[in-house]
Amino acid sequence: MSDEQYSGSNPVTSVIRRSRALLSTPELLNKFDLRIMDISKRLDELSAKIETSIGGLETTLKAEIRSKSVIEKLDASSEGLKTELSAQLSFNFYDQAELISLVKSTITTSLEQLRDSIIQYDADQKSQLHIQQDALVALQTEGRQSIADLKAHFSCQIDGLAKSQSDLRNHFTELNSQLMSRIKELETFQSESRNTIIELITKWNSRMNGLETYQFESRNILGELNTSLNSRMNALETFQTESRNILVELNTSLNSRLNSVETFQVESRNIVGELNTSLNSRLNSIETHQFESKNLLGELETRFDSRMNSLETLEFELRNLIAHTGTSVESRLNGIDTQQSETKNLLQHVNTSFGSRLNSFEFDQLPAIHSQIHELLAALFSLHAGSGAKSAQPHPEERYKPAKKNQWNDSLVRAERESSNVFPFWKQRLNTMLQAFRKTKVGNAAWAGDVKSRLFRGFVDRYANGRVLDVGCGVFGLPYYLSTYPPKLISGIDPLEPEDGGDFEFVRGISEYLPWPDASFSTVISATSLDHCLSLDRSLSEIWRVLRPNGCFLLWIDSIPGAPVYEPNRSEFVPSDQYHLFHFDITWFEPILTKSFEVVDRIELQRTGYISVMYCLQRIKGRDTQADS
């Protein structure tokens, strides 16, 4: 309950509000409110009795009104009966005079008796109504007397509550003295906690400095490895015959260096884990101290309750002490709040510093290490390709014939008919891609300044053989990753018109309808272009069809974890962004891929938010293609 529940202006509510103002403890207020509730309950019962009596009185009045209406109806019916009998007997008045007289006298006697009965009933009802009214007046008098008794009883309760308030003041004095001792203990605990936190920060800083030293040493090792690799490359250009033995040694050295880098990464993770464990243990210790403090406060409350009964005689002597102690406790509590704020600031500083160090390591230093490792992998692939250099020649099993001419418009009509749900989105993104290509080549096509492009070039140099088809070759002439391959053995297809001419076979078309016969190529390449297609299933089927048996499919995709499965026929289909209809996720794409191809080699390049994956795939024999010829 609260004072808002006693907001009336009558004398009773005024007395209640003044009484509650004199009480300063929840325990007494609860007892007072319970007593008020009991009195209210008794008043409610009295009010219910009064309402019941009034209801009976209303029922009696209604019955009286109904009896009067009955009398009126009987008078009207008796008059009608007399008239009807007179009309029926008038014809034989002279013959049956005695009978008529007898009937009239009988009816008159009956009606008089009925009237007397009704009048007697009416008198009885009025008598009962007067009796009930007298009872109601007596009940109201009793209610007023009960209210007067309650007021007197309530005044006694208020006097008792005023006395209890003075007793509570004595108890508060004892509580203040005990709080003083607990405050001193808490100050000692906070001082110890501050020293522990300072030691934790010092230890954490020393661990982070050690981690930075390891990173610096790793960079020096990578620099030395890069220098050694350059010297080996110069030696290879001068002495081609002796280079094979040197490459074997360099490969062993690179592997050992890569292992050392991986070992460093594992050690770095272990150090970070140890630091996190140490910090968690310190935080658990602080939480334990806080829990013990709560237990001590609980014990303090128990001791306070046990000693309240023994301090009733100290009221007048300790009033001044209460005022002084209240001021002292308030100042002490303010000091505790200040120390708690300082402790929170220290913990927040530790958390912020730790998070900034981890963010620097994760977003700045680790990507730099990944980039250097990818550079080394690209150089290693280039070295492997150079050591096993082979002259590109058509394979005997290839059944290559030049592509059919003027297939672009037919392909668009067919694509719009078979992929009507996503064709408008695809056409819009085709125009957006053309504008992006014209604006810059960087980020839109493979180029020498991109480590992933250099790595894929080494991938192509190592595995490409025979005639090559590049699906999505771009608009800038011969792609960077095929710059060392004989142009006479290269064919390319792209839906955009070329910006730069090239001396290789170029066809404007789409991957769903490749204009070459079955088994025309030994190698098919798709570099970050397969996620622009209309139908993924049909594109993979066509690539499988134009590959010769045991042919090689070199695929480069970007996988975004959590990307949804591409379902172009779904009615509520929504494109992924302004350039792509969908994005790959290897968790659902690789099961589709391995139905038609066997994985020979696979490389993953971790990036922030996505993974670049490069595959060397071999065509599985005996697969039934679903593509139309």
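Mentor: Start with the term, then: buried means under 20% relative accessible area, and exposed means over 50%. Keep in mind that this is a predicted model.

Trainee: OK. Is Cys552 buried or exposed?

Mentor: Cys552 has 9% relative accessibility, so it counts as buried.

Trainee: What share of the chain is buried?

Mentor: Buried residues are 36% of the 629 in the protein chain. The chain exposes about 36,800 Å², with 52% of that supplied by carbon and sulfur atoms.

Trainee: Switching to the fold. How many helices and strands are there?

Mentor: The protein chain has ten helices and seven strands. An open sheet of seven strands, with mixed pairing, runs in the order S3-S2-S1-S4-S5-S7-S6.

Trainee: Which strands are at the edges?

Mentor: Strand S3, residues 505-508, and strand S6, residues 597-607; each of them pairs on one side only. On average, neighbouring strands of the sheet are turned by 15 degrees against each other, ignoring direction.

Trainee: How do S1 and S4 run, parallel or antiparallel?

Mentor: Parallel: three bridges join S1 (residues 468-471) to S4 (residues 521-527). In one of these, Asp470 has Ile525 in S4 as its bridge partner.

Trainee: What lies across the sheet strands?

Mentor: Helix H8, residues 451-463, lies across S4, S5, S6 and S7, at about 170 degrees to S5. Helix H9, residues 536-546, lies across S1, S4, S5, S6 and S7, and its angle to S5 is about 145 degrees.

Trainee: What about H6, which of its residues are buried?

Mentor: In H6 (residues 408-418) the buried ones are Trp408, Ser411, Leu412, Arg414 and Ala415. An α-helix has 3.6 residues a turn, so residues three or four places apart point the same way.

Trainee: And what covers the buried residues of H6?

Mentor: The cover includes helix H7 (423-439), strand S3 and helix H9. S3 is also one of the edge strands, and H9 is one of the helices lying across S5.

Technical notes
Residues are numbered from 1 along each chain as its sequence is written. This is a predicted model: local features need pLDDT of at least 70, side-chain atom pairs count only at pLDDT 80 or more; totals for chains, interfaces and linings use all residues. Side-chain values use heavy atoms; hydrogens and water are left out. Two strands pair if DSSP finds at least two bridges between them. Helices (H or I, at least four residues) and strands (E, at least two) are DSSP runs, numbered from the N terminus. Axes are lines fitted to C-alpha atoms, for helices over the stretch in contact, and angles run from 0 to 180 degrees between N-to-C directions. Contact means heavy atoms within 4.5 Å. Buried means under 20% relative accessible area, exposed over 50%, partly exposed in between (1.4 Å probe, protein chains only). Accessible areas come from the Shrake-Rupley method with a 1.4 Å probe; for residues, only the protein chains shown count as cover.
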